[in-house]
Amino acid sequence: MKLVPLGDRVVLKQLVAEETTKSGIVLPGQSKEKPQQAEVIAVGPGGTVDGKEVKMEVKVGDSVIYSKYAGTEVKLDEEEFIIVKQNDILAIVNN
């Protein structure tokens with residue numbers, strides 16, 4: 001099954017959180033927050049949304065940072081995804 005976002009929506013796959021710090025300290029489960037960094041899996045067509053022309057700025061494969069409480073979590077084929085509007089994406093991470 002494949003997710004195809006509509007309008008200005010983007011499907012993200014959250015990147016796995018680090019379980020240890022760089023200095024080697026193991027973080028217990030409750031102190032970890034979900035990372036706000038994700039990979040773009042699918043991008044909607046953009047177009048006219050709410051009467052405004054929307055150009056999609058992200059593309060499949062981009063690594064992005066998104067708003068903390070943004071989007072809708074979806075589970076499909078045992079994988080978890082987040083569907084957000086493009087304006088909930090704060091930045092593209094360039095490696």
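## Salt bridges and a buried serine

In this predicted model, a search of the whole structure finds 2 salt bridges.

**Exercise 1.** Find which side chain meets K13 in a salt bridge, and state where the two residues lie.

Solution.
- Step 1: The partner of K13 is E79, with an N to O distance of 3.1 Å.
- Step 2: This pair joins distant parts of the chain, K13 being in strand β1 (residues 9-14) and E79 in strand β7 (residues 79-85), 66 residues apart.
- Step 3: The relative accessible area of K13 is 27%, so K13 is partly exposed.
- Step 4: E79 has a relative accessible area of 36% and is therefore partly exposed.

**Exercise 2.** Classify D62 as buried or exposed, and do likewise for K59.

Solution.
- Step 1: D62 and K59 form a salt bridge, their closest N and O atoms being 3.1 Å apart.
- Step 2: The cut-off for buried is under 20% relative accessible area, and for exposed over 50%.
- Step 3: D62 has a value of 10%, so D62 is buried.
- Step 4: K59 has a value of 54%, so K59 is exposed.

**Exercise 3.** Describe the surroundings of S63.

Solution.
- Step 1: S63 belongs to strand β5 (residues 63-66).
- Step 2: With 15% relative accessibility, S63 counts as buried.
- Step 3: Leaving aside residues up to four places away in sequence, S63 touches L15, Q37, A38, A91, I92 and V93.
- Step 4: With Q37, the side chain of S63 makes a polar contact, side chain to side chain, at 3.1 Å.

How values were computed. Residues numbered from 1 in each chain as written. Predicted model: local features only at pLDDT ≥ 70, side-chain atom pairs only at ≥ 80, totals over all residues. Heavy atoms only, no water. Helix = DSSP H or I, 4+ residues; strand = E, 2+ residues; numbered from the N terminus. Buried < 20%, exposed > 50% of the residue type's maximum accessible area, 1.4 Å probe, protein only. Polar contact = N/O pair within 3.5 Å; in protein donor to acceptor, adjacent residues only side chain to side chain. Contact = heavy atoms within 4.5 Å. Salt bridge = Lys/Arg side-chain N within 4 Å of Asp/Glu carboxyl O.
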